[in-house]
Amino acid sequence: MKQNKYDDPEFFLNYDQLPRSQGGLDAASEWPAFRSLLPDLVGKRVLDLGCGFGWHCRYARRMQAVSVTGVDISERMLERARADTDDDGITYLRCAIEDFDFPAGTFDVAISSLALHYVERFDQVCRRVSGSLSAGGAFVFSVEHPLYTARAEQDWCLGPQGERLHWPVDDYQQEGPRHTSWLAADVVKYHRTMASYVNTLTDAGFRIARLLEPEPSPEILAVNPGWLDDYRRPMFLLIGATKDIVRTDG
Ligand SMILES: C[S@@+](CC[C@H](N)C(=O)[O-])C[C@H]1O[C@@H](n2cnc3c(N)ncnc32)[C@H](O)[C@@H]1O
C-alpha cells in the first residue's frame, strides 16, 4: 500500500512545525552522521528518494553535484521544496518511490533520508536504485531504527510519575506494517529487522561500507536537551553502501 500521509492537511501542519522542518539539516539530530556517509559530490548526478522540503537536494548542489533529482509522493512537500529552491540544477518529481523508473546508470549517488520505512518492498527499491546507479555508485540512506519500528506504539514504558522507565521491544521478528500515531492517526510505517536491511542490500548487489546508529550530536543536545533520551536507544539506522562493480546483474 502506498500511503501519502504528508498531503493530509492535519499531518502536514504538524510536520511543518517540527524543528527539522523549520531549521533544516542543522536541526536534524542524525544529520552529522548522514553527512559523514556521503561521498564527494563534486560533479555527481544525485537522486534523492523522498526528498520532502528538498534540504538534502540543496545541500548536494552546494557540494557541487552537477544535478539533483528529488522524488516525493507528496505535492505539499514538493510545493514548499520548489518555493525554497532557486536552482535549475535541481528537478523535483512527484512520484512514489515504488514507481520511479530511470534508465540504467542515470545517477552516481542515491540518497534517502527517513523515507524508506514508508515503503513496503525494500527489496524492489534496492534493485531499482542499483539499476539507476552507475558502476561503483553510492547509496546512502536513513530509516527509523528497527528497535524503534518494532512496536506500533513507538513509545517508552512510563512509570507512575510519567518517567521514562525503558524502551520496550516486541514483535521484532514480525516484519510488516505498523499503524502508528505520529503527528496524526494511522500513519503506516514498515518494520524490518536489521538483518533484512543488510541482507536485502547485499542481495541487490550492494557492498555495505558503513552502518551507523547515531547518538544526538552535542550541538543538537545543547539546543534540545530533551533528546538526551536518544542515548538510551537508537532512533535512526543509517547505511552507506556502494554498487558492487564486480557484479553485472544489478
Ligand atoms: C520524514 S520526511 C523526510 C523528508 C526529507 N527526506 C528530509 O529528511 O528532510 C519523509 C518524506 O518521504 C515522503 N514519502 C513517504 N512515502 C513515500 C513514497 N512511498 N514515495 C515517495 N515519497 C514518500 C513523504 O512525502 C515525505 O516527504
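## Cys157 and its contacts

Leaving out residues up to four places away in sequence, Cys157 touches Glu163, Arg164, Leu165, His166 and Pro168, where contact means heavy atoms within 4.5 Å. Cys157 belongs to strand 6, residues 157–158; helices (H or I, at least four residues) and strands (E, at least two) are DSSP runs numbered from the N terminus.

Cys157 counts as partly exposed because its relative accessible area is 28%. The classes are buried for under 20% relative accessible area, exposed for over 50%, and partly exposed in between, using a 1.4 Å probe and protein chains only.

## Basis of the model

This is a predicted model, in which local features need pLDDT of at least 70 and side-chain atom pairs count only at pLDDT 80 or more, while totals for chains, interfaces and linings use all residues. Residues are numbered from 1 along each chain as its sequence is written, and side-chain values use heavy atoms, with hydrogens and water left out.

## Overall form

The protein has 9 helices and 11 strands. Its radius of gyration is 18 Å, which agrees with the value near 18 Å for a compact globule of 250 residues; this radius is taken over C-alpha atoms, and the globule rule is 2.2 Å times the number of residues to the power 0.38. Along the principal axes, the C-alpha atoms fill a box of roughly 55 × 40 × 35 Å.

Of the 250 residues, 52% are buried. Among contacts between residues at least 6 apart in sequence, 67% join residues at least 24 apart.

## Surface and charge

The accessible surface comes to about 11,800 Å², and carbon and sulfur atoms account for 50% of this area. Accessible areas come from the Shrake-Rupley method with a 1.4 Å probe; for residues, only the protein chains shown count as cover.

The protein has 27 positive and 37 negative charges, and their mean positions are 3 Å apart. Lys and Arg count as positive and Asp and Glu as negative, with His and the chain ends not counted. Each charge is placed at NZ of Lys, CZ of Arg, CG of Asp or CD of Glu.

## Ala110 in strand 4

Ala110 is in strand 4, residues 107–113. With 0% relative accessibility, Ala110 counts as buried. Beyond four places in sequence, the contacts of Ala110 are Leu47, Val129, Leu133, Ala138, Phe139 and Val140. Ala110 and Ala241 are 131 residues apart in sequence, and their C-alpha atoms are 9.9 Å apart in space.

## Arg233

Arg233 is found in the loop between helix 9 (218–223) and strand 11 (236–243). Arg233 is buried because its relative accessible area is 8%.

The side chain of Arg233 makes a polar contact of 2.9 Å with the side chain of Asp230. A polar contact is a pair of N or O atoms within 3.5 Å; within protein, one must be able to donate a hydrogen and the other to accept it, and residues adjacent in sequence count only if both atoms are side-chain atoms. Apart from neighbours within four places in sequence, Arg233 is in contact with Tyr148, Trp156 and Trp167.

Most residues other than glycine have a negative phi. Leu183 has a positive phi, near 75°, and lies in the loop between strand 8 (176–180) and strand 9 (187–191). Asp186 also lies in the loop between strand 8 and strand 9, with a positive phi near 50°.

Leu183 is partly exposed, at 22% relative accessibility. Asp186 is partly exposed, with a relative accessible area of 39%.
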